Amino acid sequence: MKIKPSKVPGSVVMEADDQDFDRLSKPAMSPFKLNTIVVPIDFSACSKKALQYALPLAKQFGAAIVLLHVVPRRCTIAGEARIVDYEPGLEKSLRRNAAQQLKDFAAELYPHDVRIRIEACLGAEALEIAAEAKILDADLIVISTHGRTGRARALVGSVAENLVQLAPCPVLVVREHEREFIEEETAMPLSRAAAC
C-alpha cells in the first residue's frame with residue numbers, strides 16, 4: 001500500500017493492490033470463542049439486566065444462551081436459614097413450573113436470532129449453577145448481583161460471590177448500580193419489571 005500527498009490540502013491518496021484489499025477485507029479475529037453462555041435467572045429485574053449483557057455476546061459469537069433457574073432448597077424462617085427437602089412429586093412439579101416460567105420469560109424478552117435452551121433444577125444456587133456450567137461445557141456465565149449488604153447478605157448469602165469461586169469458566173457479574181457499557185439500542189427493555 002502506498003500513501004501519497006494529494007493536491008487537496010490536508011488529504012492523502014492511498015494506492016492499494018489486490019493483496020492489500022484481501023488483508024483489509026478480512027474481519028479481525030477475536031481471541032475469544034463463545035459457544036455456550038449460561039445466564040442464571042431468578043426472575044428479578046436484576047437477572048433480566050444480566051440478559052442485556054449476554055444477548056450481544058451471544059449474537060456476536062453465534063453462541064447459545066442457556067437460561068437456568070435454580071429452585072433453592074434453602075429458605076429463611078423466622079430469621080433462621082433452613083434446608084427444605086421436597087417430596088419427589090413436589091420436586092418434579094417445581095422443576096416443571098420453573099421450566100415453564102423460563103419458556104414464557106424467553107418468549108417475552110428474546111429475539112428469534114439467538115439460540116436458547118431452558119434448564120431448571122433444585123439445590124444450592126451457586127453449586128447447581130457451577131455444576132450445570134460444567135455439564136454444558138459453558139464458556140461464560142453472566143450473572144447479576146442484587147448488591148445486598150449487612151444482615152440481608154448474611155441471611156441470603158451472595159450467590160454471585162460463591163459462583164465466582166466455584167465456576168468452571170469465566171463469570172461476568174452484572175452489578176446493581178454500575179456504569180453501563182452496552183449501547184442503548186442494544187439494551188433490551190426490562191419489560192414491566194422495575195430497574196435494579
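## Salt bridge

Arg 117 is partly exposed, at 42% relative accessibility (buried means under 20% relative accessible area, exposed over 50%, partly exposed in between, with a 1.4 Å probe and protein chains only). This is a predicted model, in which local features need pLDDT of at least 70 and side-chain atom pairs count only at pLDDT 80 or more, while totals for chains, interfaces and linings use all residues. Residues are numbered from 1 along each chain as its sequence is written, and side-chain values use heavy atoms, with hydrogens and water left out.

The side chain of Arg 117 forms a salt bridge with that of Glu 119, at 2.9 Å from N to O (a salt bridge is a side-chain nitrogen of Lys or Arg within 4 Å of a carboxyl oxygen of Asp or Glu). Glu 119 is buried, with a relative accessibility of 18%, whereas Arg 117 is partly exposed. A search of the whole structure finds one such bridge. Side chains of opposite charge can pair when their charged atoms come close.

## Overall make-up

The chain contains six helices and nine strands (helices, H or I with at least four residues, and strands, E with at least two, are DSSP runs numbered from the N terminus). It has 196 residues, and 34% of them count as buried.

Of the contacts with a separation of 6 or more, 73% are between residues 24 or more positions apart (contact means heavy atoms within 4.5 Å).

## The sheet

Five strands form an open sheet with parallel pairing, in the order β7-β4-β3-β8-β9 (two strands pair if DSSP finds at least two bridges between them). The edges are β7, residues 116-123, and β9, residues 171-174; each has a single partner strand, so one side of each is left without a neighbour in the sheet. From one strand to the next the twist averages 20° (axes are lines fitted to C-alpha atoms, for helices over the stretch in contact, and angles run from 0 to 180 degrees between N-to-C directions).

Strand β4, residues 64-72, runs parallel to β7 and is joined to it by eight bridges. Helix α2 lies across β3, β4, β8 (140-144) and β9, and runs at about 150° to β8.

## Thr 36 and its contacts

Thr 36 belongs to strand β3 and is buried, at 15% relative accessibility. Neighbours within four places in sequence aside, Thr 36 is in contact with Ala 63, Ala 64, Val 66, Leu 136, Asp 137, Ala 138, Asp 139 and Leu 140.

One of these contacts, Asp 137, sits in the loop between α4 (125-135) and β8. Asp 137 is exposed, with 61% relative accessibility. Its phi is near 55°, a positive value in a residue other than glycine. Most residues other than glycine have a negative phi.

## Aromatic pair

There is one aromatic pair in the structure (rings of Phe, Tyr and Trp, the last by its six-membered ring, pair if their centres lie within 6.5 Å; planes under 30 degrees apart count as stacked, over 60 as edge-to-face and the rest as tilted). The ring centres of Phe 43 and Phe 105 are 5.9 Å apart and the planes stand at 85°, so the pair is edge-to-face. Distant parts of the chain are linked in this way: Phe 43 is in the loop between β3 (36-40) and α2 (45-61), and Phe 105 is in helix α3 (residues 88-109), 62 residues apart.

Phe 105 is buried, its relative accessible area being 4%, while Phe 43 is partly exposed at 25% relative accessibility. Phe 43 also has a positive phi, near 70°, in a residue other than glycine.

## Cysteines and Pro 72

The count of disulfides is zero (a disulfide is a pair of cysteine sulfur atoms within 2.5 Å). Cys 121 is buried, with a relative accessible area of 7%, and Cys 169 is buried at 11% relative accessibility.

Pro 72 lies in strand β4 and is partly exposed, with a relative accessibility of 28%. Along the chain, Pro 72 and Cys 121 are 49 residues apart, and their C-alpha atoms are separated by 8.7 Å.
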